Amino acid sequence: MNIDFLINKFNSIKKDEAIVYQNKPYTYGWLIDRIEFWSKKLNIKKKSVVALESDFTPDSIAMFLMLVKNNNIIVPLSSASESNKINFLDISKSHYTIKNNEVINLIRSDSHEYYKKLNKKNTAGLVVFSSGSTGESKASVHDMMPILNKFKVPKRKYRSLIFLLFDHLGGINTMLYSLSNGGCLIIPEQRNPKYVLETIQDHNVELLPTTPSFLNIMIFSELYKKYDLSSLKIISYGTEIMHEHTLNKLNEIFPNVKLLQTYGLSELGVMRSKSESNNSLWVKIGGEQFKTRVIKNKLEIKSDSAMLGYLNADSPFTNDGWFKTNDLVETKDEYFKILGRQSEIINVGGEKVYPSEIENLLLQMNEIEDVSIFSEKNMILGNIVCAKIKLKNDILQKTFKQMLKLFCKGKIEKYKIPMKLYFSDNVYNNRYKKIRRI
């Protein structure tokens, strides 16, 4: 059975805290009972495709594990996916959806070749949609067995705050890591600096997995000064580029906390990683299940836990099974420095511009709280560099444009200086990732 090793673990620590939600603890014994409860109450047909509409709660975690045990193909949909829900249900060909703890039969009988492969293997599956930050969301189909196999070897347990969402492989990875090692998952009521920091203090959180955008917001808020965060041991960050400016600030604020860069993709899962040091953007990625290579400065990965393929796009794998990440990288011995996605690189009159380089520079301006760099088409240059900026105060925008030009002069080439500025209170989406468009 898919989750026998997890159930055995839970049985050995029944009285230990598994989850804390709305300040209430739930034990591993409760989780075992709840998996059985939902199995009987929902009575879902084995091997069917089931959308699970929820954010992280004790019951959504129990239902997720119940569906794995039932060899279902799970389509998690968090509240962040609400606007795309109908489209996602259609693309995933879901037979049922579970919402508010009730089952709705979608009266659909069609399937997909990847689902048939999973059913033939008698294993659970997982469908994860990409964020769609640079285009249409892609639906990755995974076999749950290779994903679960990563958690069979015991590792250190932590009290972990679960920040990444229920339909994000990073969030699912945090959940499975914590539960497989007998740790405690702490679910914050809200995902803003005040609630997250308050939760860390009140529940002695040791591990915070999050995004660079959230960390930058937290730094600017200065709310970290108001809470006792001494329980924190590790802050892991991923899903987007970390800026050197932000990383240096984190080192100043948390000198005794390990800062760990992670690397993962919807198509591959989350890989083991090791930062060169707390203040370094160089990272070693891989592990037993992963191989890496660089072709024309682009990272390619071969993984035992790679997806079977997309439901709504062509295969991104090479003929010999390597996944083309389209991440541009620099290499140093066994370490990589992620420069950005090929799709995000801006070509200005034949010159390449990396958004992260410009963002890192502009974050050093006292007037800027956050910034996102992207491109717009231009008849003469092909593309121009644009910036969406969140200012720290109500400084006159026309005055600021001149200030930005003066600040950049002599620090970067002229073609890299943003030609268009857009001012906004929000430069990131509801997943705390940079929005690289208007």
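Figure 1. The structure holds 13 aromatic pairs, counted where ring centres of Phe, Tyr and Trp (its six-membered ring) lie within 6.5 Å. Tyr 428 and Tyr 432 form one that is stacked, at 5.1 Å centre to centre and with 15 degrees between the planes; planes under 30 degrees apart count as stacked, over 60 as edge-to-face and the rest as tilted. Both Tyr 428 and Tyr 432 are buried (buried is under 20% relative accessible area, exposed over 50%, partly exposed in between; 1.4 Å probe, protein chains only). The model is predicted: local features need pLDDT of at least 70, side-chain atom pairs count only at pLDDT 80 or more, and totals for chains, interfaces and linings use all residues. Residues are numbered from 1 along each chain as its sequence is written, and side-chain values use heavy atoms, with hydrogens and water left out.

**Figure 2. Charged side chains over aromatic rings.** The charged end of Arg 34 sits over the ring of Phe 37, 4.3 Å from its centre. Lys 194 lies over the face of Tyr 195, at 4.9 Å from the ring centre. The criterion is NZ of Lys or CZ of Arg within 6 Å of the ring centre and within 35 degrees of the ring normal.

**Figure 3. Helix α5 and its two sides.** Helix α5 spans residues 113-121, and its Tyr 114, Tyr 115 and Leu 118 are buried. These residues cover an arc of only 100 degrees around the axis, which puts them on the same side of α5; the arc is that of the directions from the helix axis to the C-beta atoms. Glu 113, Lys 116 and Lys 120, on the other side of α5, are exposed. Elements packed against the buried residues of α5 include β3 (49-53), β4 (73-77), α4 (85-92) and β7 (125-129), where contact means heavy atoms within 4.5 Å. Asn 122 follows α5 and has a positive phi, near 60 degrees. Helices (H or I, at least four residues) and strands (E, at least two) are DSSP runs, numbered from the N terminus.

**Figure 4. The open sheet of 7 strands.** The strand order is β6-β5-β3-β4-β7-β8-β19, with mixed pairing. β6 (102-105) and β19 stand at the edges, each with a single partner strand, so one side of each is left without a neighbour in the sheet; strands pair if DSSP finds at least two bridges between them. β5 (residues 96-99) and β6 run antiparallel and are joined by 4 bridges. Tyr 96 has Asn 105 of β6 as its bridge partner. α5 lies across β3, β4, β7, β8 and β19, at about 15 degrees to β8; axes are lines fitted to C-alpha atoms, for helices over the stretch in contact, and angles run from 0 to 180 degrees between N-to-C directions.

**Figure 5. The open sheet of 3 strands.** The order is β24-β25-β26, and the pairing is mixed. The edge strands β24 (368-378) and β26 (420-423) each pair on one side only. Neighbouring strands of this sheet are turned by 25 degrees against each other on average, direction ignored. β25 (residues 382-391) and β26 pair in the parallel sense over 4 bridges. Ala 387 stands opposite Leu 421 in β26.

**Figure 6. Two loop residues with positive phi.** Gln 22, in the loop between β1 (17-21) and β2 (24-27), has a positive phi of about 50 degrees although it is not a glycine. Gln 22 is exposed, with a relative accessible area of 51%. Asn 71 lies in the loop between α3 (58-69) and β4, and its phi is positive, near 60 degrees. Asn 71 is buried, with a relative accessible area of 10%.
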